[in-house]
Amino acid sequence: MPTFTGYLRERSDDELVALLRSRPDLASPSPATLSSLAVRATSRSSLERALANVDASVLQVLEAVVALSEPGPVTAADLPGALGATDDAGVALVERALRLAVVGTLVYPDSADDDAPLQPSPGLAEILGPYPAGLAPLDAGVRRGPTPEPVDLSDLPTLLESAPTGARPVLDALLWGPPVGLAPSNSTAAAAAVDWLLRRHLLLPGDSRHVVLPRAVAIALRGGRTHASPAFPPSVPDDVPRRSHALVTAESAAAGERIVLLVARLVRLWEHTPPGVLRGGGLGVRELRRVAMALETDESEAAFVIELAGAAAFVADDGEDNPSFAPTVAVDEWAVRDVPDRWAALARTWRSMLRTPWLVGGRDERGGVRAALDPELQRTWAPRLRRSVLDVLAETPAGTAPDAAHVVALLRWRSPRSVPPAAAVQAVLVEAGRLGILGAGALSDAGRALLLETAPLVGAEPADPADALAAALPPAVDEILLQGDLTGVVPGRPSPELEDLLDRTAHIESRGGALTVRFTPESVRRALDAGATADGLLTELGTHARSGVPQPLEYLVRDAARRHGRMRVGSASGYVRADDPSLLAGLAEDPRLASLGLVRLAPTVLASQAPVRELVDALRAHGLAPVAEGPDGQVLHVVTAVRRVGRRATAGARRRATGAGPTVGGREVLTDERLLALVPQLRRAEQERKADEVERLPGALPPAPARRATAPVPPPAAVGTADPVDALVLLREAAAEKAEVWVELVGSHGVPQRRLLRPLRVEGGRLRAIDTARESELTVAVHRIATVTRATQDAPPDDRQETS
């Protein structure tokens, strides 16, 4: 029977590439050799991750192989009958599931023959639990007294016909698992039935309070099956809504355009009034409500917009002494793009971000309210959840709009060992609808293109999500109808130039098939603050106005420009004043005081950007004798004055992208080209490592020259390994096969000892094994193992003295 490592070495390059593609964690980071690949593939974490991604039919095949391989053997031809496949569809489903399990090396055949026995991957049985397919282990039950006679299963139906009332219901309750039940109390009919079954060995005693249904009896009662029937994928119910393509496209385009607008409005809002950062990180509840009012939406959608902008690194903690959330330079590049490109950037961010916006407003473990942009809202499983939900929608017929319950039912078949909560699935559907990935609850063309970016179909043309949304959006309009009541109407989606003009000069009143805006003194003043002039604004409006600029709007613009800037406000950290103007003459123009930023406000007053202490020190170094004064004009001591001045800002704001997530699953996604190049590298490294190991054997304590000349050459099956990677593989394979190995251990004093062990479990850097010679169990750290050799009848005995 080949070992798991030997099976991997015999696989072709295409089969190894398929393995790495089906289990991406094996290739990231890249393994060094095929042996290290075998160690990683049999590790508990990798097997757990692989089982979390298999569907219910593959899980049934794995459970059947594990349950039937002891005492075994089980072949591919046995599986359809074991899983209850009675028609061609069931057989095809089982065959497909077995192919997927073999591709992922979760099971592997003993040889290349079609009827070769199947073996589970080392460590798989332990992860599936003690009751695979609801069957008890072979050694289940507590043996009391002499070993019971084996049950004649061929006469089981006849035996049960004479069973007392209540015996068959007990067996039926334990039949499909779990096979352990609570024994009833004495002096009852159920207790009598259980006692009857125990005497005939149809049940085995567990501990003092439980009984166990033996595996052989359960399989006989099941008719030789491990499962009642194959796990077919659930069909979409007839009551699930179906949407037309036109409706889905229209709703998707409207939602995509709206989310771009909301993010842009959030950025503009925080440009002028950046909110503060809570002491523990995150945004305060009052600030969230203020954002919701400004965006004219509810708090849950406002939290989603904030989290999306934070994950895209459009807003971040500015890192100042009094920190606040402010826009970053990344938003400037995003803002100049067209709507489809801006939407695509947001959709890609949502697809891969680790943030969970739906948790905002809920309670944490300590009872506190979870805040938006809170660092504690990151979950590594969030990208996988979004991907799995969208994959389910992509596999349904076009236009199908399932609700969360239907999606959970499909996910329960796709990944039965990692079914997400219904609340999380519902939240993902809501967020996808807000982004326009869904339209009216169904997957849109833009959403489908977003999925194909990371998992393109074979033979399918690459799709750009931005192009898909652009095809759904109505054509851009470069005209506006200005009216005498200071309103304007854009009959469609405004072009980027017109949208920028309206953002600077008007307030949005309504959106829909047409865009309605209103011009006010405040909106015009906002454009003037940005550096525009009255003539420039009127020229721009006239360029886009279909019927010219009406006179009321022209009067509004010119009146706002006439009043704009007549009063000016500035900032100063300090000032210098004197009753005698001659004392201040020449100070503002003195190049030696240029660093103070002195500005003459009046003949007797100078303003400065420097704080009070720096002003006093610089003027005294210039030969003057100033004193500091407080807001009431009273002279103060310099130290007192300095303490009453505000804190100085730190140099260089530290910006960080809040919630910016890594690639899918937190691992590098390797392309097929990378995988095809990786496999030959693994083979070459394996050959080089084997050549080096042959030179190093037989271990750290080589025999004498005379011994080397006369000692027989051991057969290949008995050759051990001193390589830590191969040692782990051998130990795991021996644990799976319940075989014995010779292990050379190095004690705390550096003295080696050779012991015959039967490994039970290898995990967490420790080996738990049975010492058959001493009839005891031991646990030893893996780094104390020098060599591992398979125990065979032809293996030569070790002539070194064994130490205890």
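Predicted model: local features only at pLDDT ≥ 70, side-chain atom pairs only at ≥ 80, totals over all residues.
A crossing of two helices is called left-handed if the near helix is turned anticlockwise from the far one by less than a right angle.

The chain as a whole contains 31 helices and 25 strands. Of its 804 residues, 44% count as buried. The accessible surface of the chain comes to about 41,100 Å², and 54% of that surface belongs to carbon and sulfur atoms. Among contacts between residues at least 6 apart in sequence, 65% join residues at least 24 apart.

Attention may now turn to helix H18, formed by residues 382-395. Helix H21, residues 445-454, packs against H18 at an angle of about 120°, and the two axes lie 11 Å apart. Because angles of 65 to 115 degrees count as roughly perpendicular, H18 and H21 are instead described as oblique to each other. Their crossing is left-handed. On the side of H18, Arg-387, Leu-390, Asp-391 and Ala-394 take part in the contact, meeting Arg-448, Leu-451 and Thr-454 of H21. These contact residues comprise three nonpolar, one polar and three charged.

H18 also packs with helix H19, residues 404-414, at an angle of about 100° and with the axes 10 Å apart. H18 and H19 are therefore roughly perpendicular to each other. Here Ser-388, Val-389, Asp-391, Val-392, Leu-393 and Glu-395 of H18 meet Val-407, Leu-410, Leu-411 and Arg-414 of H19. Six nonpolar residues, one polar residue and three charged residues make up this contact.

Key: Residues numbered from 1 in each chain as written. Heavy atoms only, no water. Axes fitted to C-alpha atoms, helices over the stretch in contact; angles between N-to-C directions. Helix = DSSP H or I, 4+ residues; strand = E, 2+ residues; numbered from the N terminus. Parallel < 35°, antiparallel > 145°, perpendicular 65-115°, else oblique. Contact = heavy atoms within 4.5 Å. Nonpolar A, V, L, I, M, F, W, Y, C, P; charged D, E, K, R; others polar. Buried < 20%, exposed > 50% of the residue type's maximum accessible area, 1.4 Å probe, protein only. Areas by Shrake-Rupley, 256 points an atom, 1.4 Å probe, with all protein chains shown as cover.
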